[in-house]
Amino acid sequence: MTAPLARIDGGVNTSVRHDSARGHLTGQALYVDDVPAPAGTLDAALVLSPHAHARIVSIDSSRALAYPGVVAVVTADDIPGKNDIAPIRTDEPALAQGVVLHEGQAVAAVAATSVAAARAAAKLVDVAYEPLPPVLSVEEALAREDYVCPPIAITRGDLDAGFAASAHRLTGEVSCGGQEHFYLEGQVAIATPGDSGDMHVLSSTQHPTEVQRGVAHLLGVPFAAVTSEVRRMGGAFGGKESQATSFAGIAALLAWKTKKPVKLRLPRDDDMRVTGKRHPFLIRWDVGCDPEGKILALDMILASESGHVADQTPAVLTRALCHADNCYWLPNVRLRGYPCRTNTVSNTAFRGFGGPQGMFGIEAVVDMIARTLKIPTDMVRAKNYYGVGQNDVTPYLMRVEDNLIDRVMEELDRAADLKAWRAAVDAFNAKSPVLKKGLATMPVKFGISFNKPTLNQAGALVHVYTDGSVLLSHGGTEMGQGLFIKVAQVVAETFQVDIGHVRLAATSTGKVPNTSPTAASSGSDLNGMAARDAALQIKARMGEVAAEHFGVEPSDIVFKANRVYAGNRSLSFAELAHMSWDKRVSLSAAGFYKTPKIHWDFATNTGRPFFYFTYGAAAAEVAIDTLTGETRVLRAELIEDCGRSLNPAIDLGQIEGAFVQGMGWLTCEELVWDEKGRLRTVGPSTYKIPGSRDVPPVFRARILEDAPNREDTIFHSKAVGEPPLMLAISVWLAIRDAVASLGPKGAVPQLDAPATPERVLMACEAMRAEEPGR
Amino acid sequence: MTTASSAAAPLVAGTLIAEQASAQIATRTHQPVDLKLEVNGRRHRLAIDVRTSLLDALREHLAFTGTKKGCDLGQCGACTVLVGGRRVLSCLTLAVATRGPVTTIEGLTGSDDRLHPMQQAFIDHDAFQCGYCTPGQIMSAIGCVTEGHAESDADIREYMSGNLCRCAAYPNIVDAIKQAKPQMQEG
Ligand code: FES
Ligand code: FES
């Protein structure tokens, strides 16, 4: 029998089920909070600042320590190492040191024999504060030029010449709100002291290496003394990239202090008060264009509400600037990013990582141009799209070589018939005075790779056992996005064994060191490649054993469908594994990958930060009640470029989920801080995330067919976690479209995001006022 | 969605105790009470703090960690279990006030490891991503069908609206419920 046509079960490009499917459906899949705690484990609770800005005068723990069951109380002064868990810069404390900079900042922590005792005692830690005036808005911070890191600018061409050549010059302003991650599984960590000062931390984190580093800093021990581990998270969305570190760190500090395992799990309201969110942005522009809407000059300011420390802000802001072009060629452009410091939570990574805010800005500009010039938006867009072979260089000087913009827009039109759809919406509006419909499209181009080249590396560790089973570890973390199954598919495909033979190990810094966060949609690109590298090393060694056994050249050996062939002779994969061991050949390998081609100059903010772009397009139809501002999304059609999808079922789930999450950001999710800087939306009853009724009744997501990545990515797939979130900007644009139907042609709606009923109603009123004769 | 507890429950479990905590109150209320709880067909005897929610009794005392704590505020649905066949938010229900047999996600699979039709439907339709809301979604979905509230897509969305899914696997959850409904009615 020669290598058969048979395919393995669960190779790449198949919709194989999530590796934990059965575990999730039977309740057997363990999350951090489900892991049986070691005997004697203490529970922890945090003492949070009630002030947005205050000096800490004194902390008295005596009443808390006297509470039954309390074992220890720690403050910044108890930290044996360095009180710093900053992911990018420095001086970002785990526990407030001398001053509190936002309401909800952790000031102290209590360990006790029960959760109830720890939480009750936390209320008894007496902290005396001297309140200081807080800065609570971007505008205020902008005026004070108070930033968490230096402002960032990207410029290209000659703005003055561009404006001079423009027939129209328009200025505008728009803002978008923050977004709470609301991972269903809150922040949680268990720290267990080991031998000779070692610390093991089980943490719900996207970035085990940062947890390891943070804990080591706080405890003043070498990185090698700390092992950080995570099997899975119940959602993360960026909220456990840097945010998880402080909770792991505080648990470890208490564990170090008490010499007992300590578990810290935040109650939901505290979780929402303590952790950073998506950055709200204030965006202002001055744009010049020709009579057809072609942009000749754009001067744009993007000011982020960063919170009290830098955290991920420099990277988020850079990505926002790098996406403020979206799909458009901007010949003369200046983009300036201001990382405003405010006395609020430390805003951080959230699916899209600044990209959504940048795109939101440019789409507001394009919408304004189209409405002012009374030209359909898609026509204005078409005038501005990046060309192929010309007009194809981004403001940061990367050439767009893989342009699929026209293609995704054409596919969208084919699937949705935009002209007929538009006609139906207009016909509805002509007859309906109160309910108004809106329709809008949205093209998306999103850059894949971390902006910082260093982070684009990954490791994996693969073992083959003598029965032919495979154990796979890699540096990526599983948060529901299906990374583990995708990487397992890669390994199964490489070895040509059924996916059932590949087991997945928890992510641990003890197995794969110095990892990057699982973020930037890059998880399968990076870890898939690293795992493939490891598998290929082992496969080559096994191939030599097989060649010797069959008396052929290694190049004559074929791995196919669980067997290994030399012409018409064959062995099972398991037999060859056993034979390799017998011949003293190593069946274990560490794999490594670094993304090629990328580079970035932090001084000029130019380079090629992205290995490639992904593309997508969406159209959304909404209805608004112009007397109440209530909004419904009635239909959404999406098309997303996934390259040659590793797992179409997983990718479709990501596309739908990201879109709905983006809808939430732009419509119903509103964070409300009061005048004292206290977050008032601290539970799902006041902070509304999309529910089952908010999904558009007609909702179709498609993967762009026949579009393998032209770059050499893992089996020519593309990243998918974040990009479809930005397709939801179509919903915001459609609401604007519905509002615009109330006014005269040429009027531009004034609508910020989230487009809550209140904002929509005010926009409707403003639009009606534009109608002459009122 | 119904809950077996009164509206005052979260106050007792949270704010009041937390705010007024003193060593004295704590000692007094920490006296464990005896209670019997039938979970997944087996009777359990427990001696627990009277304030313990059904969710904590299941998770912390009986090691049924399949039921998840998403908010502990009665607002997300992750902790949904069936009590006497009805959907209940176990975080809002005091263990001592639980009347009737409790079914959790662990109790759905038969002794032969056969999945409940709703579990199978969730697999068939990829009706989850991170899985954290999933046990609650499945228990709620079973309740939704047995209550006769799964007649149309709109009906399902309405009667499943108490179960949040931040991964937004909602469309697939609706499809899963539609698949499982006739099978549940046959079986
Ligand atoms: S945990 Fe009970 S409703 Fe959220
Ligand atoms: S699957 Fe993640 S919250 Fe529902």
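Good morning. The crossing of helix 6 of chain A and helix 7 of chain A is right-handed, a crossing being so called if the near helix is turned clockwise from the far one by less than a right angle. This is a predicted model, in which local features need pLDDT of at least 70, side-chain atom pairs count only at pLDDT 80 or more, and totals for chains, interfaces and linings use all residues. Residues are numbered from 1 along each chain as its sequence is written, while chains are lettered from A and ligands numbered from 1 in the order in which they are written.

The axes of helix 6 (residues 208-219) and helix 7 (residues 244-258) of chain A come within 9 Å and cross at roughly 40 degrees. Axes are lines fitted to C-alpha atoms, for helices over the stretch in contact, and angles run from 0 to 180 degrees between N-to-C directions. Helices (H or I, at least four residues) and strands (E, at least two) are DSSP runs, numbered from the N terminus.

Let me turn to the sheet. Four strands of chain A form an open, mixed sheet in the order 19-18-17-24; strands pair if DSSP finds at least two bridges between them. Its edge strands are strand 19 (502-504) and strand 24 (588-594) of chain A. The twist averages 25 degrees from one strand to the next. Strand 17 (residues 457-464) and strand 24 of chain A pair in the antiparallel sense over seven bridges, and Leu461(A) has Ala590(A) in strand 24 of chain A as its bridge partner.

Finally, the chain contact takes 45 residues from chain A and 45 residues from chain B, with contact meaning C-beta atoms, placed from the backbone, within 7 Å. Helix 17 of chain A gives the most to the side of chain A that touches chain B, with six residues.

Notes. Contact = placed C-beta atoms within 7 Å.
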